[in-house]
Amino acid sequence: MQIRTSFPYETTHEDVQVPLQDGTKLYARIWRPVTDEPVPALLEYLPYRLSDWTAPRDWQRHPWYAGHGYASVRVDVRGHGNSEGMPGDEYDAVELADGVEVVNWLAAQPWCSGKVGMFGISWGGFNSLQIAALAPEPLKAVITVCSADDRYDNDVHYMGGSVLAVDMHAWAATMLAFVSRPPDPLFVGDRWRQMWENRLEAVDPFIHTWLDHQTRDAYWQHGSVCEDYSAISAAVLAVGGFHDPYRDTVLRLVEHLPGDVRGLIGPWSHQYPDRGLPPGPAIGFLQETLRWWDHHLKGIDTGIMAEPKLRSWISDSHPPATVYAELPGGWVGDPSWPSPNVTPTSYALQGTPMVVNSPQHTGLDAGRYFPFGNDADLPPDQRDEDAKSACFEFEVPSAVRILGRPKVTLRLKMDVPAGQAIARVCDVAPDGSSTLVTRGVLNLSARNGRDRVTPWPVGETEEVAFELNAIGHTFPPGHRIRLAVSSAYWPWIWPQADSAGFVLDPAGSALELPVREGDLDPSISFAAPEQSEPLEVVHPATLDEPRPERLVVRDVAKGEWRLEVDPRYGGTRVYPDGLEFTEDAVETYTINESDPLSARTRSDWTIRLHRPELAWDVSIKSRSEITCDATDFITSNEVVCKDGDEVVFHRTWEKRIPRTAG
């Protein structure tokens, strides 16, 4: 990583409050170039607290943009960080309407040229697209990174119509802890305590709402820009990584957006592509985005629109591992999506009908749903998972390069009305090692649409088809392509109550691969990564032994399996302004290998914010759990907030939610 200290413009920054029409003020930090000329504004709009949680990341890129002639603006969403107002649900109508107001406010400032761009990763990428769909006139361009166009089927809640146990729960628990954090008295003064108490009274765990909507209804349609791509007229650069769960969105945006759109998918995890976190290689992403902004906000011909409509990384075959510093492979460019260079190629399954009734702990080697570049994020060797699945193999006499979303067609018979099918494609080396390439899930009651529940006709055979997540991969000669089909995938997928598996008939079943013709394109290249000077955050040393990132514990006698996860969010750090910030989280997923009703998730969070010079010392502890029986999900959440030793807030929520589809 090159740290840039010299820029075309000197820069300055200030914290301001953006006034909204209802009187609420949103907290913002603005970096600007020192110039008398009005410049375009770039907006990043998040609930993640600009004064602490995202501050290190913000300092990597906002000053960089300001140094290249943009007003770069970071705003906290209403009810979060130091912004006024009450917190709401993710991407709710108030958040988006506020965002439109912020865009218009920025455009009206005397230092702004009247043109605005929005960018962000994950939440900020989501609401950039959603606000673009509301079409505020000044918003001319968007860069959305690791985000989704479909809140139901390509987010953290559901996958193929099935409940995402691993991240539906973990993210709801994370946000419960996050939303319970107070404003900072250094920035809002003595009113911090009253603001905090008012917010806490408005808190309700997200999991209640998310589990209340188990099919793709109006709740999920709100904020899903796939409902009407034509609403987005702003130019969109969509960026993803093949180790990020949202990468399918890039392909759909390139296919469906009516205006200027370009797609970029690298080998990356859920991170900005310039950070150098595994897997790489990293690219000069800020320089690439500057080409986008200069073209669409300043009218400079940077050549960005002459690039292929979709640029994708295709990995070479690699042995299984939970982390890769860099993956072998290279770039290809396609003029459109679907691409004329990609041909769907069918591989018929062979054999006699077989029973697929996977143990409930199948899936423990799935890896992290959201890889962040940590040592234990990616799936290990899949041989143990393959042994719990029905496997079909295809020889590779000459190299097979794929790009896009594989598809499976399966003829199944079930003796119960509900179940799920999980398909994984693996690259099997001559030594027998099995590298996960991609996977997909179908809740079999969602086979006729994610917006409805269609019970399986007991004892009958039906044909189902579903897509797997997009991937770019090359199978070399001498390897084998393995399709593995299972009926369980814990803890990614919450098991159905009557999970009895199914009979799979290979006759009429097939794997379809998106085979891409043509060689890698060495002309597609990027500058080396660079960022502005980092914020000088100190991570104090500790004598505590670190927990394993992912630990699997088996109780042999009980047949119980427990996965313990340390998400590695941040630990303790000390900021230049004196703030001491500590956070610790552990997630636990437990199941009995023969009982789908034994599934249990738990998340525990501890957060402390301390300013010694202000004698300010607050803490938040939260506990979130989900269990189930045959008819209901059973949720339990608890939050305890303290100001010093004083308990400011203590609430427990207990709720039973009917299992209508999950």
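## Arg-656 and its partner

In this predicted model, Arg-656 is partly exposed, with a relative accessible area of 46%. Its side chain meets that of Asp-629 in a salt bridge (2.3 Å, N to O). Asp-629 sits in the loop between strand S31 (616-628) and strand S32 (632-643), while Arg-656 belongs to strand S33, so the pair ties together parts 27 residues apart in sequence. Asp-629 is also partly exposed, at 23% relative accessible area.

## Other salt bridges

Glu-646 is partly exposed, at 42% relative accessibility.

Asp-566 pairs with Arg-568, their closest N and O atoms being 2.7 Å apart. Asp-566 is buried at 12% relative accessible area, whereas Arg-568 is partly exposed at 33%. There is a network too, linking Arg-600, Arg-602, Asp-604, Arg-623, Glu-625 and Glu-638 through salt bridges.

## The second largest pocket

The second largest pocket has about 710 Å³ of space. Its lining counts 49 residues, and those closest to the centre are Met-159, Arg-247, Thr-438, Arg-439 and Asn-469. Strand S20 (434-443) and helix H9 (248-256) are among the elements giving two or more residues; S20 provides the largest share, 7 residues. By class, the lining has 24 nonpolar, 12 polar and 13 charged residues.

## Helix H9

H9 is mostly covered, with 7 of its 9 residues buried. The cover includes helix H3 (123-134), strand S7 (139-145) and strand S17 (400-404).

Key. Residues are numbered from 1 along each chain as its sequence is written. This is a predicted model: local features need pLDDT of at least 70, side-chain atom pairs count only at pLDDT 80 or more; totals for chains, interfaces and linings use all residues. Side-chain values use heavy atoms; hydrogens and water are left out. On a 1 Å grid over the protein atoms alone, a cavity is a set of points where a 1.4 Å probe fits but cannot get out, and a pocket is an open set with protein on both sides within 12 Å along at least five of seven lines; lining residues have an atom within 4 Å of a point. Grid points are joined across faces, edges and corners, and a volume is the space filled by probe spheres set on the points. Helices (H or I, at least four residues) and strands (E, at least two) are DSSP runs, numbered from the N terminus. Ala, Val, Leu, Ile, Met, Phe, Trp, Tyr, Cys and Pro count as nonpolar, Asp, Glu, Lys and Arg as charged, and the others, Gly among them, as polar. Buried means under 20% relative accessible area, exposed over 50%, partly exposed in between (1.4 Å probe, protein chains only). Contact means heavy atoms within 4.5 Å. A salt bridge is a side-chain nitrogen of Lys or Arg within 4 Å of a carboxyl oxygen of Asp or Glu.
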